[in-house]
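The sequence and the structure come next.

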Amino acid sequence: MNKKIFLTLLVVSLFIISLCSYSYAANNAMNTAKNAVMDVGNSIGGAAVTAKNAIVDGAKDIKNGATTLGNDTMNTADNIGNDARNTVDDTVGVLDNGDTNYTATRTATGNDNLFGMSNMAWTWLILGIVGIIIVGLVWYYGSQYEHRNYNNNQ
């Protein structure tokens, strides 16, 4: 009977030891799986943060590029306007200062009268002569028309 008790105690001891070992092994396996899942989660989270930062940085770069392009365009337009203004000012300056000795003289004076008649009298005289010629031509062509169709009650 001692052998049976000893054998039973040995089997039970081995069973308890194997259960405890299995429990520790299972805990290690669970910890390893948990750590692996945590590592995957951290990797995914890190990738998401990196992607977010890349998108934000890209948007900032696009905004900065658009701002720079707008400023460059505005500066170019200002430079063109200033160049045009300077060119006009230079041209006006040359025209103002280029010929300082010029004096204008009248080419037609109102004091010279032909045959003692003023310019206004000459204008009315010429208009009167042209009017008489027009009336004479109308009368001349109007008198050339003859009626050849007489109705004598035939």
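Helices here are DSSP runs of H or I with at least four residues, numbered from the N terminus. In this predicted model, the protein has two helices and zero strands. Helix α2 spans residues 119-143, and Ile133 has its place there.

**Exposure**

Of the 154 residues of the protein, 0% count as buried.

A nonpolar patch lies on the surface, formed by Leu125, Ile129, Ile133, Leu137, Tyr140 and Tyr141. Together these residues have about 610 Å² of accessible area.

| Residue | Relative accessible area | Class |
|---|---|---|
| Ile133 | 47% | partly exposed |
| Tyr140 | 47% | partly exposed |
| Tyr141 | 56% | exposed |

The classes follow from the cut-offs: exposed means over 50% relative accessible area and buried under 20%, with partly exposed in between. Tyr141 is therefore exposed at 56%, whereas Tyr140, at 47%, counts as partly exposed.

**Aromatic contact**

A pair of aromatic rings is described by the distance of the centres and the angle of the planes. How many aromatic pairs does the count come to? The count comes to one. That pair is formed by Tyr140 and Tyr141, with 5.3 Å centre to centre and 70° between the planes. The pair is edge-to-face, because planes over 60 degrees apart count as such. Both tyrosines also belong to the nonpolar patch, alongside residues including Leu137 and Ile133.

Definitions and conventions:
Residues numbered from 1 in each chain as written. Predicted model: local features only at pLDDT ≥ 70, side-chain atom pairs only at ≥ 80, totals over all residues. Heavy atoms only, no water. Phe/Tyr/Trp six-rings, centres within 6.5 Å; stacked < 30°, edge-to-face > 60°. Buried < 20%, exposed > 50% of the residue type's maximum accessible area, 1.4 Å probe, protein only. Patch = residues over 30% accessible without salt bridge, like charges linked within 9 Å, V, L, I, M, F, W, Y side chains within 5 Å. Areas by Shrake-Rupley, 256 points an atom, 1.4 Å probe, with all protein chains shown as cover. Salt bridge = Lys/Arg side-chain N within 4 Å of Asp/Glu carboxyl O.
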